[in-house]
Amino acid sequence: LFRSAFQCSWCLKLISKMKKMRISQFFEEEFSKVSESLFKTPMKIQTITEKLQCGKYASIQDWNNDMELIWFNAKNYYSQGSLMFDIIETLQSWYQK
């Protein structure tokens, strides 16, 4: 589990803020439709939230790896220059700040 409840709480708050962004809602809705069937290791924001709530992450790095997997999968699915690719880059940039 995380070293502290603070780390887990911080991760949940970050995801909560991101989910409130309109582009995040659009991305999650659209990407969830294809994620499960196309990727060897699918990952969604909702899955990460559930894993956090159930205490399934051993470290903050494990959580970060799953977050980065979302961006990696999405960027490999959507074409560079498409609206969805731009949304992904915006969300990833916001997340990495």
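A residue is called buried when its relative accessible area is under 20%, and exposed when that area is over 50%. The exercises below apply this to a predicted model.

**Exercise 1.** Decide whether F27, F31 and F6 are buried or exposed.

*Solution.* Take the residues one at a time.
- F31 has a relative accessible area of 1%, so F31 is buried.
- F27 has a value of 0%, so F27 is buried.
- F6 has a value of 63%, so F6 is exposed. F6 belongs to helix α1. Together with W10 and I60, F6 makes a nonpolar surface patch of about 340 Å².

**Exercise 2.** Classify the ring pair of F27 and F31.

*Solution.* A pair of aromatic rings is described by the distance of the centres and the angle of the planes. For F27 and F31 the centres are 5.2 Å apart. The planes meet at 15°, and planes under 30 degrees apart count as stacked, so this pair is stacked.

**Exercise 3.** Classify the pair of F27 and W71, and state which helices the pair ties together.

*Solution.* The centres of the F27 and W71 rings are 6.1 Å apart, and with 35° between the planes the pair is tilted. F27 lies in helix α2 and W71 in helix α4, so the pair ties together parts 44 residues apart in sequence. W71 is buried, because its relative accessibility is 0%.

**Exercise 4.** Find which residues Y78 contacts beyond its neighbours within four places in sequence.

*Solution.* The contacts are E30, F31, V34, M84, F85 and I88. Y78 also belongs to one aromatic cluster, whose members include F27, F31 and W71.

How values were computed: Residues numbered from 1 in each chain as written. Predicted model: local features only at pLDDT ≥ 70, side-chain atom pairs only at ≥ 80, totals over all residues. Heavy atoms only, no water. Contact = heavy atoms within 4.5 Å. Patch = residues over 30% accessible without salt bridge, like charges linked within 9 Å, V, L, I, M, F, W, Y side chains within 5 Å. Areas by Shrake-Rupley, 256 points an atom, 1.4 Å probe, with all protein chains shown as cover. Salt bridge = Lys/Arg side-chain N within 4 Å of Asp/Glu carboxyl O. Helix = DSSP H or I, 4+ residues; strand = E, 2+ residues; numbered from the N terminus. Buried < 20%, exposed > 50% of the residue type's maximum accessible area, 1.4 Å probe, protein only. Phe/Tyr/Trp six-rings, centres within 6.5 Å; stacked < 30°, edge-to-face > 60°.
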